[in-house]
Amino acid sequence: MLPYRPSRILIQEQSGRDALTGEILSRLPGVPATTILDAGGLPPEILCGGDPRGRGKQTLVLARHRGNFMKECPGSGAEICCNYYVVNFAYNCHLECTYCILQTYLNSPAMVVFTNVEDLVREVEEKLSAEPDAFFRIGTGEMADSLALDDITCYSRILVPFFGRLPNGILELKTKSDRIANLEGLDHRGHTVVSWSLNPAAVIRSDELKTATLQERLSAARKCQEWGYRLGFHFDPLIRYEGWEGDYEKTVGELFAAVEPRSIAWISLGALRFTPHLRDLLKERFPKSKIPYGEFVPGHHGKLRYFRPIREEMYSKMLGWIRREAPGVFVYLCMESRVVWERSFGYAPRATSDLSDRMDALVCGACRGTLSGEIPEGRGRRLLT
Amino acid sequence: MIVEDVRMDRVEFEDETCRISEDLDPPQLESSLREIGQVNPVVLVDKSSGGLMIVCGFRRLRALRRLGRPTALARILPEVDLPLPEALRLALWENVSHRELSPLEAARALFTLRHICGLPEESILESYMPALRLASHPHVLHGYLSLHSLHPQLRAQLNEGRLTLATVGYLASKPSTFQGAFASLMAGIRLTASLQRQVLELVAELAALNDCPAEAVLERPEVIGISSDASLAPQEKGQRLYDLLYRQRFPRISAAEDRFVAAISEIGLPGDVQVRHDRYFETPSIHVEFQAASTERFRVLAGTLDNAAQSPGLEKLFQIG
């Protein structure tokens, strides 16, 4: 994986008072830093010239987050959804996946890290304690890669022990990196799932340009397994191309050669989806990518996705390959309809709550060994007993 | 202003630096000159290197020459009083004062200003784009500049109204080999404005999918076959071309559509019972609709639906894909 080193740092005035800001600056010696009044008022040159989305990432903005850190996952509008929550500790990602939605979603092309981590922690604590009977799966990988900047931010060293103390929540760190050094020795108490987005080596080479290789990701996963973390894997986005079947089958084999099935909390499958705007941008920024030329049709929220029979074929084959290696591992579909579940897996959750409860139970079960007597009387608990 | 008779053999017809007009030989102008003679003088520059360069009046001078007139009424300015950018500015304003320039004429003028006169983009955007009633935006300017080097056959097809400005604007950014191949294909095919856009998109995507130049898609035997099918009208060829490219680009969706049509045919519903699938088959649901103008017709149609419900082919309707 290509490490991130910005060419300059812009510090929002208030952010300059946060401890995390000083720590980040100390880890980036020699990078010029300037104080700015407002993170929204970025220098206009960021947006000028060729490929502002690529060049903008050379600027790291340290800012305070305003508003709520914690939100429902945008997938919650789908017919069957896993009831996930996201916490945004940063915006943007330097890993340059060609299909990344952040290219069109974010207003600013700069990398932004929020330094008011105490506010984040306080907000999560308040929300979870306000609903002690509910169980929360919370991820930090929606607007940024959870770990790609961790050697600079060391956010994991704050969040992992914090979630370890929470009785009714688990943290999912979702990444395409191999930046796991900070996770060693943390008191996670089974409350952190470390997840990797996986794709075949060929896709990583062609469309996940600055990410860790497949072997680097799997080696990192194996280490996390040794450190007692539960693991998650997301074959998302699944990408169809000539020879995809052999490549994905091989990737599944490599996954289970690297880690124990019993360490895996869940595996998700999600076929590529993107907005028409992103598809156009992808063609422009990455003209060699073949991704835009699949058989896409407009679907949920106007996003393009593969023609349904293609998705079903991909899901059912992936499930078969996973089941062959690890019959008991929990596999779910992300943002798919009941019809697609039934046709791909042969069954469908009765409702969103079914899927959500099942997933809560998977991680609650993991917590039980380390947090005896502290499992919440929530949905997960009911399913476990 | 001094107007004089100038000998035609002193005029440099081949120097088209200040030319604006796309069509240099409109037949009605020749008729007019024949009937009433030259009313307005042309404007010429007396070049320091010798010879008279045409600034305004290309079409009048050419018509007069065809009519065999030995002289023309002209206002002649020394080059020092009317350097090239000023000459072009004069030609431009003289034209826009009484007519709207076509896109190719605007492209020609902008190209000359930028690349012959060497004016900076900022100056063109500020002073000339508004005169041409064009948006003063670099993207618009660049689009018109590329239009100037368009394949001659495409220029003709744009002028004939067979291709839209958006289409030729897109083609202008493509290699000349592709421009030529598309122009040749379009010689016998008609596409509506929306089909032009869709066909070009399909061609580009098929080329990207197959790692081949876009012209190779147009040179496929099946494409040539449509183009050369004498039994088809140009509009039919256009629709066939689109259908062919769509099928090649979206084989699974096309095959599903075919199976759906075949399944409907198998259950034997009359034409006035409409059966539609869910959008892009995203769910297996079908929508059935019929209209009956009488009780008797309602009973007949309901009967055909009842028969269809017993047909072994019915299952297929719900298993597309």
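Local features are reported at pLDDT of at least 70 and side-chain atom pairs only at pLDDT 80 or more, while totals for chains, interfaces and linings use all residues; side-chain values use heavy atoms, with hydrogens and water left out. Residues are numbered from 1 along each chain as its sequence is written, and chains are lettered from A in the order in which they are written.

**Confidence**

- The mean pLDDT (the predictor's confidence in each residue, from 0 to 100) of chain A is 90, with 91% of its residues at 70 or more.
- Residues 368-385 of chain A have a pLDDT below 50, although this stretch has 35 contacts (heavy atoms within 4.5 Å) in the model beyond near neighbours in sequence.
- Where pLDDT is low, the predicted coordinates should not be read in detail.
- For chain B the average pLDDT is 93, and 99% of the residues score at least 70; the model itself scores ipTM 0.82 and pTM 0.84.

**Interface between chains A and B**

- In the model, 20 residues of chain B are in contact with 19 residues of chain A.
- The buried area, that is the accessible area (1.4 Å probe) that two parts lose on being put together, summed over both, is about 1,800 Å² between the two chains, and carbon and sulfur atoms give 49% of it.
- Arg252(B), Tyr280(B) and Glu282(B) together supply 35% of the area that chain B buries against chain A, more than any other three residues.
- Between the chains there are 13 residue pairs in polar contact, with both residues at pLDDT 80 or more; a polar contact is a pair of N or O atoms within 3.5 Å, where within protein one must be able to donate a hydrogen and the other to accept it, and residues adjacent in sequence count only if both atoms are side-chain atoms.
- On the side of chain B that touches chain A, the elements giving two or more residues are α10 (193-210) and α14 (251-267) of chain B, where helices (H or I, at least four residues) and strands (E, at least two) are DSSP runs, numbered from the N terminus.

**Salt bridges**

- A salt bridge here is a side-chain nitrogen of Lys or Arg within 4 Å of a carboxyl oxygen of Asp or Glu, and the structure holds 43 of them over all chains.
- Five salt bridges are counted between chain B and chain A, and Lys283(A) meets Glu205(B) in a salt bridge at 2.9 Å, N to O.
- Within chain A, the side chains of Arg64(A) and Asp18(A) form a salt bridge at 2.7 Å, N to O.
- This pair links distant parts of the chain, 46 residues apart, with Arg64(A) in the loop between β3 (59-63) and β4 (70-72) of chain A and Asp18(A) in the loop between β1 (8-12) and α1 (19-26) of chain A.

**A sheet in chain B**

- An open sheet of five strands in chain B has the order β1-β5-β3-β4-β2 with mixed pairing, two strands being paired if DSSP finds at least two bridges between them.
- Strands β3 (residues 42-46) and β5 (residues 71-78) of chain B run parallel and are joined by five bridges, with Val43(B) opposite Arg75(B) in β5(B).

**Backbone details in chain A**

- Asp236(A) and Pro237(A) are joined by a cis peptide bond with omega about 10°, and Pro237(A) is found in strand β11 (residues 230-238) of chain A.
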